[in-house]
Amino acid sequence: MSEHLSSRITSEGPKKILALDGGGIRGMITVEVLAEIESLLSKKTGRGKDFRLSDYFDFVAGTSTGAIIAACISVGMTVPKIRDFYLSSGEEMFDKASLLKRFRHTYGDEKLAKKLQDVFGKDSTLGTEELKTVLMMVMRNATTDSPWPVSNNPFAKYNQRDRKDCNLNIPLWQLIRASTAAPVYFPPEVVTFAKGTPNEYQFIFVDGGITMYNNPAFQAFLMATVAPYKMEWPAVEDKLLVVSIGTGTSPKANADLEPGEMNLLYNATSIPSALMSAALNEQDFLCRVFGRCFAGDDLDREVGDLKTAKGLMGPSKLFTYVRYNAELTVDGLKKLGLPGIKPEHVQQLDSIEHIPELQQVGQAVAKSVKSEHFSRFV
């Protein structure tokens, strides 16, 4: 068992959780927001250039592209290095598959897998001592048809070293790759459990973005506090901070839609994104109901931003919560002061030719990061 990690989980004092949404190359938005957070916290802590987000956040959770960033943070990478990773690897992440394979998926996974192995180590596992924080990555187990929030929490049931199928023995790069295996975009990832034993078996995994946890914030809160996960952090607003960062939303309202247009092709292309959007919104909604929200745009015109709302148990809340995100529509981009950016340039998950514009969006969102959001937790 990692003594450093177990000590960090069980130590007294406030705990901080960072949760990162999925969203393909739109993860560049997240990176720019994180750059502002890292800069702010390095000044507040007095650490300067020696500061890492892994020094501050005890628990980092991510789905899909968020899983890549979360793992980078957990191993102690600075945000400028994470930015360089995305800038240098964007095209490799979205490497066109051969023509025959494009009937099953648009992009190949060989270059992405190689890049992840280079960064995290081909033989490094989920149980590596290199991970300085609790790390949770969300994927969907297509074999069992269930969401899998997998962590390196040494107290978790399936992380016990005496189990032949201990999750901590799985290659770290492969779990990250599994969380990013978006259907249509990438092939699934096959992971072997109880390797080398008579009980060896395999599961097929795809992107965690097609579960309820494309935004993993509330699930991370549950993992940190609910008894079966055996971390059991205090659910008190001045002792638990949850920072959630999105990769932008892109609602596609169509006032001219006709019933006859809603055919099989329409449903096949629109329903998955609609379900993902609803799940993302629901996780955010839950965090604002149970947490004390200090930052976040309106959820909708009825409930607003819930910053002044009472908790279900009265005035007290279970954690402090901030949410940074953007709406990638004409109106949303104008609100950010970016009327010159076309929504279609920044809405796609594979828009690698428009990375500079995604960075501009992230830098605009980062302006909403305020010192007071973290003041009780430094």
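Which residue forms a salt bridge with K114? The partner is D118, and the closest N and O atoms of the two are 3.0 Å apart. This is a predicted model.

## A pair within one helix

K114 and D118 both sit in helix α6, which covers residues 110–120. They are 4 residues apart there, so about one helical turn separates them.

## Salt bridges across the chain

The K114–D118 pair is a salt bridge, and the structure holds 13 salt bridges. Another joins the side chains of E32 and R83, with 2.9 Å from N to O. E32 belongs to helix α2, while R83 belongs to helix α5 (residues 79–93). The pair therefore ties together parts that lie 51 residues apart in sequence. E32 has a relative accessible area of 5%, so this residue is buried.

E237 and R376 also meet through their side chains, at 3.8 Å from N to O. This pair links distant parts of the chain, 139 residues apart. E237 is in the loop between α8 (217–225) and β9 (240–245). R376 is in the segment after α12. How do the two ends compare in accessibility? E237 counts as buried at 15% relative accessibility. R376, with a relative accessible area of 40%, is partly exposed.

Some salt bridges share partners. In this way D21, D284, R288 and R323 are joined into one network.

## Where two helices cross

Now look at helix α2 (residues 27–45) and helix α12 (residues 355–365). Their axes come within 7 Å and cross at roughly 40 degrees. The two helices are therefore oblique to each other. Their crossing is right-handed.

Which residues make the contact? From α2 come M28, I29, E32 and V33. From α12 come I355, L358, Q359, V361, G362, Q363 and V365. Sorted by type, the contact residues are 7 nonpolar, 3 polar and 1 charged.

H373 lies in the segment after α12. What is its relative accessibility? The value is 8%, so H373 counts as buried. Which residues does H373 touch, leaving aside neighbours within four places in sequence? H373 is in contact with L241, F294, A295, V322, Y324 and S368.

Technical notes. Residues are numbered from 1 along each chain as its sequence is written. This is a predicted model: local features need pLDDT of at least 70, side-chain atom pairs count only at pLDDT 80 or more; totals for chains, interfaces and linings use all residues. Side-chain values use heavy atoms; hydrogens and water are left out. Axes are lines fitted to C-alpha atoms, for helices over the stretch in contact, and angles run from 0 to 180 degrees between N-to-C directions. Angles under 35 degrees count as roughly parallel, over 145 as roughly antiparallel, 65 to 115 as roughly perpendicular and the rest as oblique. A crossing is left-handed if the near helix is turned anticlockwise from the far one by less than a right angle, and right-handed if clockwise. Contact means heavy atoms within 4.5 Å. Ala, Val, Leu, Ile, Met, Phe, Trp, Tyr, Cys and Pro count as nonpolar, Asp, Glu, Lys and Arg as charged, and the others, Gly among them, as polar. Buried means under 20% relative accessible area, exposed over 50%, partly exposed in between (1.4 Å probe, protein chains only). A salt bridge is a side-chain nitrogen of Lys or Arg within 4 Å of a carboxyl oxygen of Asp or Glu.
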